[in-house]
Every structure is written in C-alpha cells, then in structure tokens.
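Here are my notes on the structure you sent over. Have the viewer open while you read.

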Amino acid sequence: MKKILAVLLALSVFIPSGFGQDDEVRPAALGVSFFLNDFTTADRIRKTSFSQVLKDDKWANTGDMSPGIAVHYFKGLKKHIDFAGTLAGSYLRYPMPSHAPFTSDRFLLEADASVNLKMFSEKYWVQPYLIAGLGASMYGGKYFAAFIPTGMGIKLNLYDDAHIFSTFQYRIPVSTETANYHFFYSLGVAGRIEKKKEPKVIPPPVPVDTDKDGIIDPEDKCPTVPGTRKYEGCPVPDTDKDGLNDEEDKCPTVSGLARYQGCPIPDTDKDGINDEEDKCPTVPGLARYQGCPPVDTDGDGLVDEDDKCPNVAGPKDNFGCPVIGIKAYQIVFKTGSAVLLPEGKLLLDTVVAYLKRHEDVSVTIDGHTDNTGSDRVNNPLSKKRADATKAYLVSKGVEASRMTTAGFGSTQPVADNKTANGRKLNRRIEIRIK
C-alpha cells in the first residue's frame with residue numbers, strides 16, 4: 001500500500017494547477033477507449049528476443065489477449081507536451097510472477113499518468129507522440145503493484161472538438177512480485193471539455209501617412225520617403241542607377257549618360273567600340289586600329305598585318321607576295337643540259353637582291369619543260385635545272401636552307417604545247433615564296 005501511495009504522489013507532479021492555453025496547445029479532453037492487455041508476446045520476447053519473435057511470427061493473436069475498457073483525461077502543457085491520465089479495467093487471469101496461476105478471471109484496475117511528447121503542435125491534424133509515465137494497478141482487490149508505461153501513440157484531430165487516438169505501450173513492472181511485463185494496445189475517441197477561447201477583436205489602426213505624400217502607410221511601399229501613387233508611394237525609380245529616373249530615361253534598364261537620354265554611348269557600326277572612341281564610327285573595325293578596319297595597302301585582299309609584301313600585290317596562298325616567275329628562255333642553260341650560261345644569270349641576280357632584302361622569306365624553285373621529248377628525259381632535266389638555279393643563288397650568298405627544289409617535267413603547262421610560243425612559255429623556272 002505504501003508503494004501505491006508513493007506512485008500516486010509521484011503522479012501528482014504531472015498535473016499543474018493551471019495552464020496557459022493558446023491555439024497550438026491541446027485543450028482539456030475526456031475520452032474512452034477499447035484496449036487489449038498482451039502478456040503472451042511480452043513473455044516470448046523476454047525468453048528469446050524481439051527480433052526472434054518477429055522472425056518466427058510469434059506475436060500473440062487477439063484471442064490470447066485480454067480486452068478491457070478505459071477512460072482518459074488529456075490536457076496540453078505546452079505546444080509539444082501533453083499530460084494524459086488513464087483508468088483502465090479488465091477481467092483476466094493475471095500471470096503474477098510470485099503467485100501460482102489463478103484459476104478464474106478477476107478484475108484488474110490500472111491507473112497511470114504520463115507525458116506525451118508530440119512531434120507537432122495542435123494546429124496539425126495528425127500528431128505522433130512518445131509516451132512515458134508512472135502507473136499503479138490493483139488485481140482482485142488485494143494485489144497492488146506499480147509499473148512504468150512507455151511507448152508511442154498517434155492522434156487524429158476531428159475539427160476542433162474531438163479526436164481519435166491509438167497507443168502502443170510496453171508496461172514495465174516496478175513491483176516485480178505483483179506485476180508482470182505486458183503490452184497495452186488501445187484505440188479510442190476523446191472530446192473537448194474545455195471552453196473555447198473568445199477571439200480577440202483588435203480595433204483597426206488609425207491611418208498614418210509618415211512621409212506626407214497622401215498615401216497612408218499600409219498602402220505605401222516606401223512609407224518614409226515621399227513618392228507617387230503610380231509607384232505605390234515610392235519615388236519614380238532609377239532602375240539602372242545612372243542618375244536619370246525611368247520616366248526620363250530611354251534606356252531605363254541599362255546605365256547611360258544624360259547627353260544620350262540615359263542610354264550608353266552608341267556603337268553605330270556594332271564593332272564593340274563606342275562612337276566616342278571610334279575613328280571610323282560608321283564602319284566596323286578593330287580596337288587596335290581605333291575602330292577602323294584593317295588596312296590593305298596593296299589591295300590584294302590581305303590586310304597589311306597578314307601580308308608579307310604589304311606594298312606589292314600578291315596571291316593569298318603566297319602570303320600576299322607576288323610569285324617570282326622566271327622563264328627558262330630568260331635563264332639560259334646550255335642546250336639539253338642544266339649548265340647555266342652567263343646571260344641567264346642577270347635575271348637571277350634580281351632574285352638574289354630580293355631575297356637579301358627579305359631575309360625571313362623562304363622559296364621553292366620549280367623546274368618545268370614543254371612536252372618535246374620523253375618524260376624520261378624531261379623530268380630529271382627539269383629537276384637538274386632547278387638545282388642549278390639554287391646553286392647559283394647559294395653562290396651569291398643566299399642560304400641553301402631557305403630554298404627547296406623540284407622538277408615537274410611537262411606535267412604542269414601554263415600554255416598550249418601545240419604552238420612554238422606556248423612551248424616557250426612552258427619551259428620555265430618558277431621561284432615561289434613558301
């Protein structure tokens with residue numbers, strides 16, 4: 001009996017004398033539930049393990065459990081903490097550890113007080129929670145015991161006045177002689193018994209116009225700065241922060257200058273250089289030419305910076321330089337050989353002068369013949385004459401590494417071999433800048 005009194009005294013600390021109520025704190029409620037006491041599963045778990053019982057599917061059937069009826073009292077302490085008191089009654093043969101098995105059903109009365117720790121406040125419909133508390137029981141009018149209810153529950157709110165709840169508890173005995181481990185499953189409904197609070201009526205505030213712009217503060221998006229109604233009480237904006245407000249700015253989203261009505265300095269030719277820095281504002285150009293297009297002095301289609309001969313027109317495939325074309329009849333060789341005669345050296349001297357002026361230029365020397373005679377003779381002859389030309393240029397001080405030679409025989413004519421003049425034109429040496 002002393003143990004029961006101690007338990008009841010301990011339970012009393014859970015019930016405060018008054019509560020601070022708000023919309024998220026649970027109002028006082030009374031409820032009733034149907035429950036089942038399950039001693040069988042608890043005993044199997046203690047003899048083996050929780051996982052083994054689940055694995056072997058040894059959870060007790062409802063026929064092995066003892067039904068009962070319980071009444072409940074609930075009261076919110078804080079948003080996430082509720083007090084719960086339960087008084088439960090059932091008839092069963094209690095498996096008391098210190099007593100021989102009872103031969104008939106007797107009345108079991110259980111009372112407990114617990115704290116429900118909720119995941120959500122009352123403004124949510126569904127509220128899962130954890131349970132911990134203290135309880136006392138009386139069996140058959142003479143066996144008293146204390147126990148600790150632990151477990152979990154869930155509550156489903158039905159509007160503001162009622163809710164459905166269900167709990168799953170594991171009841172741990174404190175008085176091990178007269179109490180036993182068991183599960184307590186319940187399903188019930190509860191209704192509000194606490195009077196609803198009257199909603200507070202807040203009088204409308206007196207309209208205030210802090211900035212005196214004729215627009216009251218609740219409607220004024222800039223209540224401390226005078227503005228216009230068009231901009232909801234704010235001054236005319238300057239979106240691009242260029243000092244001109246949007247109503248006077250022709251480019252309100254791009255920072256610009258007043259002399260261009262708020263727009264940036266224009267770039268008429270769209271070359272990326274604004275007109276104030278562009279010396280050719282109407283013609284696309286490059287920054288290194290101050291906005292003007294690149295210069296092509298000799299008009300050969302290659303700008304001066306890419307033209308190795310900027311003052312003399314030449315084809316693009318020869319880097320803007322002219323092809324140095326020399327005719328074989330001007331560079332006189334001994335008939336049927338590659339021996340260079342003195343009168344043929346005069347024109348080559350002009351090539352020497354050119355190459356010495358342009359020391360970064362390398363050339364190819366190509367020998368060609370007409371179609372008179374066979375390729376067996378013409379091909380090697382054209383190569384020998386190209387080599388002889390190179391040898392002469394080397395003798396005049398041009399580095400051999402700047403020259404390569406090739407002989408093409410009669411395969412690349414530039415005129416008709418059917419005429420004497422055409423054959424004359426085809427017998428040639430071509431000196432081409434690489």
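What follows is a set of numbered points on a predicted model.

1. Start with the largest nonpolar core, which counts 18 residues. Leu 355, Val 363, Ile 365, Leu 393 and Ile 431 are the members that touch the most others in it. Two or more residues come from each of helix H4 (345-357), strand E10 (363-368), helix H5 (375-395) and strand E12 (428-433). H4 supplies the largest share, 5 residues.

2. Leu 393 is a handy one to click on. Setting aside neighbours within four places in sequence, Leu 393 contacts Leu 348, Val 351, Val 352, Leu 355, Ile 365, Val 398 and Met 403. There is also a second, separate core of 10 residues, with Met 96, Leu 108, Tyr 143 and Ala 145 among them.

3. Now the largest pocket, at about 500 Å³. Its lining is made of 23 residues, and Asp 23, Pro 27, Glu 122, Asp 160 and Arg 192 are the closest to the centre. Strands E6 (143-158), E7 (162-173) and E8 (182-192) each give two or more residues to that lining, with E8 giving the most, 3 residues. By class, the lining splits into 11 charged, 8 nonpolar and 4 polar residues.

4. Is Ser 121 buried or exposed? Its relative accessible area is 3%, so Ser 121 counts as buried, the cut-off being under 20%. Ser 121 sits in the loop between strand E4 (106-118) and strand E5 (126-139).

5. Which side chain makes a polar contact with that of Ser 121? The partner is Glu 24, at 2.6 Å. Beyond four places in sequence, Ser 121 touches Glu 24, Lys 79, His 80 and Gln 127.

Note on methods: Residues are numbered from 1 along each chain as its sequence is written. This is a predicted model: local features need pLDDT of at least 70, side-chain atom pairs count only at pLDDT 80 or more; totals for chains, interfaces and linings use all residues. Side-chain values use heavy atoms; hydrogens and water are left out. Helices (H or I, at least four residues) and strands (E, at least two) are DSSP runs, numbered from the N terminus. Buried means under 20% relative accessible area, exposed over 50%, partly exposed in between (1.4 Å probe, protein chains only). A polar contact is a pair of N or O atoms within 3.5 Å; within protein, one must be able to donate a hydrogen and the other to accept it, and residues adjacent in sequence count only if both atoms are side-chain atoms. Contact means heavy atoms within 4.5 Å. A nonpolar core is a set of buried Ala, Val, Leu, Ile, Met, Phe, Trp, Tyr and Cys residues joined through side-chain atoms within 4.5 Å. On a 1 Å grid over the protein atoms alone, a cavity is a set of points where a 1.4 Å probe fits but cannot get out, and a pocket is an open set with protein on both sides within 12 Å along at least five of seven lines; lining residues have an atom within 4 Å of a point. Grid points are joined across faces, edges and corners, and a volume is the space filled by probe spheres set on the points. Ala, Val, Leu, Ile, Met, Phe, Trp, Tyr, Cys and Pro count as nonpolar, Asp, Glu, Lys and Arg as charged, and the others, Gly among them, as polar.
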